[in-house]
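Hello,

Please take a look at the structure below. My notes on it follow.

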Amino acid sequence: MGPRADFSCAHCSKKSERPFIIENLPVKCLRCPICNHKRGFVRLFNAVNVIGGNGRTVGKIIDQTLIPSLDKQAAQKQGAENWNKASQEAMERAYHVATPKQREQIANQGSYKPSFMPAAAALSTISPESKQASRDLNYHALTNRTVKPLWHQ
Ligand SMILES: [Zn+2]
């Protein structure tokens with residue numbers, strides 16, 4: 001069954017002396033099914049769920065543009081779920097091999113959630129000698145840039 005809509009017929013309205021509406025006819029209807037008149041037989045756009053041909057193509061276009069982003073979102077969601085599952089399994093494995101004292105510590109933390117440290121706090125825990133070594137060795141290797149060594153201060 002194709003799209004359907006309500007129609008009104010001017011000829012039948014004139015005959016019955018009140019607005020004459022024929023409900024639920026196929027959209028392609030051209031003539032009044034009662035009086036067979038073409039003139040004055042018009043489609044009424046009174047239903048919310050009537051989607052014309054144009055509306056359907058617009059819907060198709062919107063669907064096609066949305067499919068890649070919806071796929072991406074689904075993949076991200078699945079990846080996050082996999083990550084949570086894997087980290088949970090890793091924590092359970094760590095708990096399994098942990099000594100009783102470590103297990104007590106894990107239990108005291110309340111949950112398996114790892115504690116996060118702000119970047120500034122993490123940097124303050126690095127000793128100055130390590131920072132110097134990192135600057136002299138790691139930075140050069142990672143960025144492929146030369147750092148002028150500080151021979152004497
Ligand atoms: Zn009619």
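Start with E17. Why does E17 count as exposed? Because it has 7 C-beta neighbours inside 10 Å.

A word on the source. This is a predicted model, where local features need pLDDT of at least 70, side-chain atom pairs count only at pLDDT 80 or more, and totals for chains, interfaces and linings use all residues. Residues are numbered from 1 along each chain as its sequence is written.

Back to E17. It sits in the loop between α1 (10-16) and β2 (21-26). Helices (H or I, at least four residues) and strands (E, at least two) are DSSP runs, numbered from the N terminus. The phi of E17 is near 55°, which is positive, and E17 is not a glycine.

Next, N36. Its phi is near 65°, a positive value in a residue other than glycine. N36 lies in the loop between β2 and β3 (41-44). With 10 other C-beta atoms within 10 Å, N36 is exposed.

Now the sheet. Three strands form an open sheet in the order β2-β1-β3, with antiparallel pairing. Two strands pair if DSSP finds at least two bridges between them. β2 and β3 are at the edges and have a single partner strand each, so one side of each has no neighbour in the sheet. β1 (residues 4-9) and β2 run antiparallel and are joined by four bridges. In one of them, S8 has I21 in β2 as its bridge partner.

Best wishes

Technical notes: A residue is buried if 20 or more other C-beta atoms lie within 10 Å of its own, exposed if 12 or fewer, and partly exposed in between; C-beta atoms are placed from the backbone.
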